[in-house]
Amino acid sequence: MTRIYFTVTNSLVYDQRMQRICTSLANNGYAVTLIGRKLKSDPLPGKTAYRNILLTCFFSKTILFYAEYNIRLFFYLLTQKMDIICAIDADTLLPCLFHSQLKKVKRVYDAHEYFSEQKEIVIRKRVQWVWQCIEKWCIPQFKNGYTVNELLQVAFQNKFGVNYTIIRNLPVQPADYPSNNTPLANTKVILYQGAVNHGRCFETLIPAMKQVNAQLWIIGTGNFFDTAKQLIEAHQLPQKVILTGALLPEKLKKITPGAYLGLTLFEANGLNQKHSLANRFFDYIMAGIPQICVNFPAYAAIQQKYPVTYMVDDTHEDTLAAAMNKLLNDTVLYNQLQQQCYIARKELNWQKEEIKLLLFWKNICIS
């Protein structure tokens, strides 16, 4: 069996993307190990078709965390036998590169994001410079890899001279679709699910809820979570904006279909946001709920084929409030978008995308 090691810096229990990838490979004859970060607040991973390894760090944030984690990861990898090492995003590139060179194993880069172009990095120029240096040195040495859309594919090709495959983050198509007939609350619920990070428009989304007769549920955690709490208090919206924290994927899949509509919003600050193709965009489609989405190129391309979303050209407070009210009140438009979700999810699912993943790894193994 070909032994593949994947490396991330995040928790493993909430990472649906890596769960899908690792499960698909393990179910198709690969010996898969996923290495991630152990957090005290997280439950341990359940039984999976692949092996989960959790590394404990003393530091939990800032450059000290990344330095410590990379050192721990490198020395852990030295004790392991593998055929291929795969770095997920730039924050594990260095130990994977060093290990592959030292142990003479194949290396792959999963460029899920343009890491140095995230808003939380772009606004800190010294930090961005460090990550840009890491990317500039490492990525050209990872000739094999994949990313999530054509825009990032072209960006990596132009910047680093690599030609990566496109494998999108699509949800698994269930045997039976969950019903949209069971609401989550007495009022309509607008849902944001995913990382509560900088660049996701919470500064305008939260105050916009003062103009909207519905609840907003924010499901997730991240580097903007505490600030989101403060915004809710400052605007006196504790009954209308609910922060749930992160939920396990099994519970989230039951909640999403009960929402009335979803949100996929990004600021136009950083190339990563402009070229994004978020997991939640497809999760809403699979759940059969329309969404409000920022009019960025990757989403607009899907919208042309499957009009599943109400697109906004900016994320100002009044724009978001007007868009939410439009879908809450225009039942004809809402039903049209929902019917398109039902059509799109038959094509935009992991069962179809998995074929490309398996072909990619087959070619890596025989190269």
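I will start with a term: a residue is buried when its relative accessible area is under 20%, exposed when it is over 50%, and partly exposed in between, using a 1.4 Å probe and protein chains only. By that cut-off Gly245 is buried, because its relative accessibility is 11%.

Some ground rules. This is a predicted model, in which local features need pLDDT of at least 70 and side-chain atom pairs count only at pLDDT 80 or more, while totals for chains, interfaces and linings use all residues. Residues are numbered from 1 along each chain as its sequence is written, and side-chain values use heavy atoms, with hydrogens and water left out.

Back to Gly245, which sits in strand 10, residues 241-245. Strands here are DSSP runs of E with at least two residues, helices are runs of H or I with at least four, and both are numbered from the N terminus. What is Gly245 in contact with, leaving aside its neighbours within four places in sequence? The partners are Ile218, Ile219, Gly220 and Phe225, where contact means heavy atoms within 4.5 Å. Gly220 is 25 residues from Gly245 along the chain, yet their C-alpha atoms are separated by 4.7 Å.

Now the whole protein. There are 15 helices and 13 strands. The radius of gyration is 20 Å, close to the 21 Å that the globule rule gives for 367 residues, so the protein is as compact as a globular protein of that length. That radius is taken over C-alpha atoms, and the rule is 2.2 Å times the number of residues to the power 0.38. Of the 367 residues, 54% are buried. Take the contacts between residues at least 6 apart in sequence: 69% of them join residues at least 24 apart.

In helix 12, residues 297-305, the buried residues are Ala298, Tyr299, Ile302 and Gln303. Down the helix axis they fall within an arc of 135°, so they line one face; the arc is that of the directions from the axis to the C-beta atoms. The face turned away from them carries Gln304 and Lys305, both exposed. The buried residues of helix 12 pack against several elements, including helix 6 (150-160), helix 11 (279-287) and strand 13 (309-312).
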